[in-house]
Structures are given as C-alpha cells and as structure tokens.
Amino acid sequence: MSINSIPEMLEIPVEGMSCAACSTRLEKRLDALDGVLRANVNLALARAQVEFVPAQVTPADITRRVEKTGFRVPNTRVEFTIEGMEEAADATGLEEQLSGLDGVMSADVNLASGRGRVEFQPALARADEILDYAARAGYSVRPVTDEEQDAEKIKREREFRKSVRLLVLSAVLSTPLLIQMAGMLPGAGGWELPRWWQLALATPVQFIVGRRFYQGAYHSLMGGGANMDVLVALGTSAAWLHSSAVTLWGLSGHHVYFEASAVLITLIVLGKVLEERAMGRTSEAIRKLMGLQAKTARVLRGGEEREVPVDEVRVGDVVMVRPGEKYPVDGIILEGATSVDESMLTGESVPVAKEVGDAVTGATINIDGAVKFRALRVGKETVLAQIIRMVEQAQGSKAPIQRTADRVSGIFVPIVLGIALVTYILWDFMGPFTPALINAVAVLVIACPCALGLATPTAIMVGTGKGAEAGVLIKGGEALETAHRLDAVILDKTGTLTKGTPVVTDLLPLGGLSQEELLRLAASAERGSEHPLGKAVVDEAKTRGAELLEMRDFRAFPGHGLEANVGERKIYLGNEKFMAERGVDATGSVDEVRRLESQGKTVIFIADGDSLLGVIGVADSLRENSAEAVAALQNMGIEVYMMTGDNERTAQAIAAEAGVSHVMAEVMPDEKAAMVQRLKREGKKVGMVGDGINDAPALAAADVGFAIGTGTDIAMEASDITLMQGDLTGVVSGVHLSKTVLRKIRQNLFWAFFYNILGIPLAAFGFLSPVVAGAAMAFSSVSVVSNTLLLRNWKPPRSGSVS
C-alpha cells in the first residue's frame, strides 16, 4: 500500500457559518469530494474535520471546496522564542526559509527580541511542523503559550466587541422607532415620526448593522444553498424597500414599516451577541484543563537547580517539586515521599500517597513532601495533553441524534421560502398588498435553523467537558449518546471488579513437600509469566526470601496454565482442566479445593509430570467501590454481568460478594469478544468494562467500551470511554452523564422544533408581527444555548443517589 493511500485527518477552522443549514451544506459538499472518506462540520466550534486519502485529494483542494461553498478558512498564527541567533543574517535567513514553506503566508523573525511570528494556512501547514523546521535549522525554539498570545481568543473577543458596538448603534437608532410603535397602539393617539426621519434612522441599521446578513446571504447563495442570513436579508429588505418606496414617492395613504426592519435587525443582533457570549462559556472545560498546566519547572542541570519554562523540560531531566507546587510533567519519583492531589485527573479529592518508584502526573499537586522525579513524558505526550486532545476531539464529534436535525436543516430554508411565497400570494389574493408583505416577512424572520444546529453540539461540548472534570473521558458524541441506552454491562473480573493485585493466601503441599518447597517450585516456573496470578506467586516467594531455581523451556497456555522445566522437574501450573488434559489426578485435593473456591479464591494446581505436588490459593480483593457501583447500575435498570476465567464456584462466590447476579465463568481471553456478541444478538445494548490487553477486542466489540484508566494503553485505545479514577464508579458517572446530556439535547431539539412548528403557521396566518417574530427567532438560539449551560451544574452521582 502506498503511503499516500493511508487516510489522514485534517481539522480546519471555518468562518462564515451562521446556522445549521450552513454546516449541513458544507458537510455535504465536502463529502462529495473524491477522496474524502468522512466530513464532520461543527457549527458550535466553527471547525471542520475531514478524513481524506492524500493520493486522491489534497488539503488545498479541501480548502478550495470550503471557499467555493461560500465560507472562509482563516489563517492561523504561531509565535515562538528563538535562541541561537547571533547576527542579522541569521534572522533574515531563517525568515526566508520559513516564508518558503508550503502554506506559510508570512514570516517575521526579530533578532532584537529573539522572537518569530509565522502566519500560515491551517490546511497546508501545522504549527509543530514550522517549529520543527526552525529547530532543524539549528536554533532552540519554544512556542509562546501565554494566554494573552492566544490569537484565536483575541480574535473572538475582537469580533464580540465589534458585535456589541453594532448592537449599541442599532439600539440607539431603533429606539425612536420602537417608541413610535407604542404610539400607534389603540388609545395612544396614533402619532408617528416624520417618514423622512424614519428613513434616516432605519437605513444605517439596514445596511451598516445588517451588512453581516447581506454578506452571509451572498456567500450562501454563491455556494449553492440558502441559510438564515438569506431569510433575514430577504425579510428586512422587503420591509425597508416597501417603506422607502412609499416615502420617496410620497404615498401617504400607505403604511411604512421602517420600525419592523430596524427593530428586527436589532433584536437578531442582540440574540447573536447573547449567543456568542453563552457559546464562549460552553468551551470552558478546555480552558480549565489548559489552565491546570504548570508554567515553569525547577530542573537539575549541571549539578545546579534551574527554573525553566515547562516547554523546555526534556525526557530524562531530574525535576524538583516542593510542597504545594504542581508537577510540571509526567514522571517517576527518584527521591522522597509525599501525597499528591490527583483530583484534576480522577475527580477524587482524597490525596494519594507516593514514594520512590511511583508515577506522578503533570498538573497534579504535590501536597506535603519535597521530591525529585525523572521526567518521562513531556509536551504533547503528557496525560494532561492527551486528555485535552481527547476532549477536543469529542467536542468536535457528532452524536447520531444530530442527523435528524441536520436532515431538517438541509431543506429548512427552501421550505420556509416556499411558505413565505405562498403566504404572500394568498394574502395578496384575499386583500391589500401591505398585510401580504408583512405576513410574508414574519414567516421569513421567525424561521430559526440556528437553534436546530446548536441543540446537539453545544450539549456535547459541555457534557464531554464536565465528564473530563470528573475523570470520565468520552471519545465522541456517539459513545455519549449510546451509553444512556445500555441495558447490559459486562465487568471483567481481574483489575476491573477487583483490584488486580492478587496475593497468595494458602499453600497446600501434598506428598510430604514443604510449603516453602512448593512455593519455590511454583515461583521458579512462574518467573516467565506476565499473568497477575503468576506475579502474586513470585512476589510471595520473594517476600519469604525463597531462592528461585533455574527455569527453561517456558510455555504459556492463556486462560489455562503453563509448563516449564525447573531443575530436573517438568512442572505444570494451571487450573483443574489443564491438569486433567495432562493426565494429572487432582481428586486427592478436591475437598480443600472446593473450600478455597467457596471463599472466592482462585486455585492454582502444581504438578511434576503426572504427580500432583499441591495447590495454591490466591485471592484478589474487590475494589472499594465495586459493590456500590454494581448496585447503582442495577438501580438504573442495567443488567450487570461478571466475566472471568475462574471456574463456576469461584466466580459465583466473588459475584455474590460484589452483588452481581449474572456470571460468565471459565471464559478464555480469546472468547471475551464472543460473549459480548452473544448478548448483542439477544438484542441488548452492551457495555464492556476492562483494563487489560486481552480485553481490547471485547471493548471494541461492545456498543460502548469503558477502559479503566489505570490499565493498559491498548485497552484505553480500544475503548469509547476512559475512566481515569480507576474504579467502577466512573461507569455509573458515564452512564448518568449520558442520560443527563441526552435529556438536555432532547429538550433543546424540542424547543428548536417548537419555535418553528408553532411560529411559522402563526406568522403565516397573520397572528405575529415581524418584530415579535424576529424577537422569537433571535431568542430561540439564546434559549437553547442557555438551557445547555445548565449542564455545567452536573456532578457525578453520589452513593445511593442514582435511580
């Protein structure tokens, strides 16, 4: 396979989208490009994610398609400090080299300040590639990451301030017209401003404040579609043109509707300002996560302690952390003991004890001991950076429920235009021109595709952010939606339901063998095993000071046992079935074995050839919150299953302790995915919770896979939701959050549809004036976003609070 045939993902900002019709149209146009596998356009984030095959389509082609559809891909800027430049020629040379890179629009390198600034097209270049290029030129380069240098944030705030200024201008000019409307009410005397005054007040509102709607309508129509801007521009222009014609031609017997167009634009701009402010709060979680990062680190270099920016910490550096300080990067403790507040990671406020050899995570807080640690993961590899990346990806994803809104919004504006035309024709047929015009305008301006477009993505943005704060990392909108429909959850036993750190509890030798000799033989054979039970046996031998024997010809049989040559013996270790297959008679120990199994202990048989040497009992205790989490899931109406390789008796004993009513016993590692599929064939929506490499196929097969965050990277990669807290209460939190977010999405969609289904007929039948219709349209989006913001109050359910 050619490297250009491997799909790549491109994420670009998009400007100019004003409603769901815009994002839906752009998504369809991108999907239609040859070589594009999948396009996802998010109105709330104003970003597009495109999966494409480089051999068939280029990022430049994708950018051109965005622009031909009537939108813009703004340039991005990166600023960085540069060390190592000694003269002007260095700065000039680097500037020329950076300017020549594909996608770079301009480059500026300043020798005096030691800084560089590059503006580039995000589809053709990336900030990290530009910085890598500068570093390869022989300079030490570090991005400027201070909040005030966040160009995107500065641009957003500048646009918001501009909107506020336009709103103030519009409000000042519209207020006299609004007061005049009150004067036209019955009993108010029927006074009005001179019509030339009204024209003078309404015209700047129409063409200066309303310019954004004309621009948006033009780009939308040039791109082959129609959006909210088309409706607003048509509606207000019709009212303004009619009124202007009446005024200019001195037709005193006709009404003018300058107040309708001007007040309408003012209300819509007010709604947009409130919406922009509220939308800024939906992405609060990302800003909070970014704010957790330490700014500096104290690194030991050349025998001296130096304070450096966190971006300059390198893998292998020894870092000092005092009490009360944040760990700047991820690493392992070399010296000292302390307790660490890991609440940013797990959502749990209880400090965790740490000592030499323990791992620490960047952005967690060192509480009461000074430590030295070695940096193992820095920059984009830290846990915090990965969490931020996962949350950003999740916030940009779509939930399946959004497809309904997308389908509706794709045909919404043409349908509204048709209804407005029919309204005008019928009213004009039945009576004078003026009511026909006013009711058609009301139909145009009450229609609100924006609320439809914001209903789902805003809820996903806030929901995934709140999940991250609680230690529940959700990979995408689909997982968030599906989790609320789960009716069965399978819990892998070892490391998920239990702590995953089994200990030897019983040594029962046979045939005159001592406990020490039995343990020594078993541990010598288990030295080659990576299984938790084998590790428990080896750890017990080391604790007792046993001297292990030479082992060779090790062979593992996953889910069954192992064989190895230890000294002159052919040793077998495994379960009862494994022994029977090798001709070992284990009947002599049956009573002791049954006793251990009834206590929930796993029994390991050990044999020399066909002679049974003894049995070892191993116990793995439940996690502290396992029984509580199982009960909470069952209270939600979810069937809980425990999956284990243990035999039926041991499995039932552990299940009874945890409160699990359904047991899948004697399941081999390669059978786990099949057990998930079996439940799915029964019509169940299945969640799978695991932590090990052998859980990955089952996690991928489940409708929703939950990976315990303390487990393997492979398990987390295969899962849909990662539980950073490391216990099953995260599953409860994930399902509860999913139910809460989906309830909020349904509320949002109800209000979005309600506004349109109720408002359009009322406007068509003449029950709503354009001003009232405009107010309803303006505040429909505000109400949807404000309703979504209530999700910020979500907290993980406490014990006993889930039903």
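A residue is called buried when its relative accessible area is under 20%, exposed when over 50%, and partly exposed in between (1.4 Å probe, protein chains only). Helices (H or I, at least four residues) and strands (E, at least two) are DSSP runs, numbered from the N terminus. The model is predicted: local features need pLDDT of at least 70, side-chain atom pairs count only at pLDDT 80 or more, and totals for chains, interfaces and linings use all residues. Residues are numbered from 1 along each chain as its sequence is written, and side-chain values use heavy atoms, with hydrogens and water left out.

**Helix H22 and its surroundings**

Helix H22 covers residues 626-635, and its buried residues are Ser 626, Ala 629, Val 630, Ala 632 and Leu 633. Seen down the axis of H22, these buried residues fall within an arc of 160°, so they line one face of the helix; the arc is that of the directions from the helix axis to the C-beta atoms. They pack against strands E18 (488-492) and E25 (639-643), and against helices H17 (493-497), H23 (648-658) and H27 (729-764). Just after H22, Gly 637 has a positive phi of about 85°.

Thr 644 sits in the loop between E25 and H23. Thr 644 counts as buried, at 5% relative accessibility. Contact means heavy atoms within 4.5 Å. Leaving aside neighbours within four places in sequence, Thr 644 is in contact with Lys 493, Ala 651, Met 664, Ala 665, Glu 666 and Val 667.

**Two helix pairs**

Axes are lines fitted to C-alpha atoms, for helices over the stretch in contact, and angles run from 0 to 180 degrees between N-to-C directions.

| Pair | Axes | Angle |
|---|---|---|
| H18 (residues 515-526) and H19 (residues 532-543) | within 8 Å | roughly 130° |
| H6 (residues 195-209) and H8 | 11 Å apart | about 150° |

Angles under 35 degrees count as roughly parallel, over 145 as roughly antiparallel, 65 to 115 as roughly perpendicular and the rest as oblique. H18 and H19 are therefore oblique to each other. In H18, Leu 519, Ala 522, Ala 523 and Glu 526 meet Gly 534, Val 537, Val 538, Glu 540 and Ala 541 of H19.

H6 and H8 are therefore roughly antiparallel to each other. Their contact includes Trp 196, Leu 199 and Phe 207 of H6 and Trp 240, Val 246 and Leu 248 of H8.

Helix H8 (residues 228-248) also holds Leu 241. Leu 241 is exposed, with a relative accessible area of 51%. From Leu 241 to Val 256 the distance is 9.6 Å, C-alpha to C-alpha, and the two are 15 residues apart in sequence.
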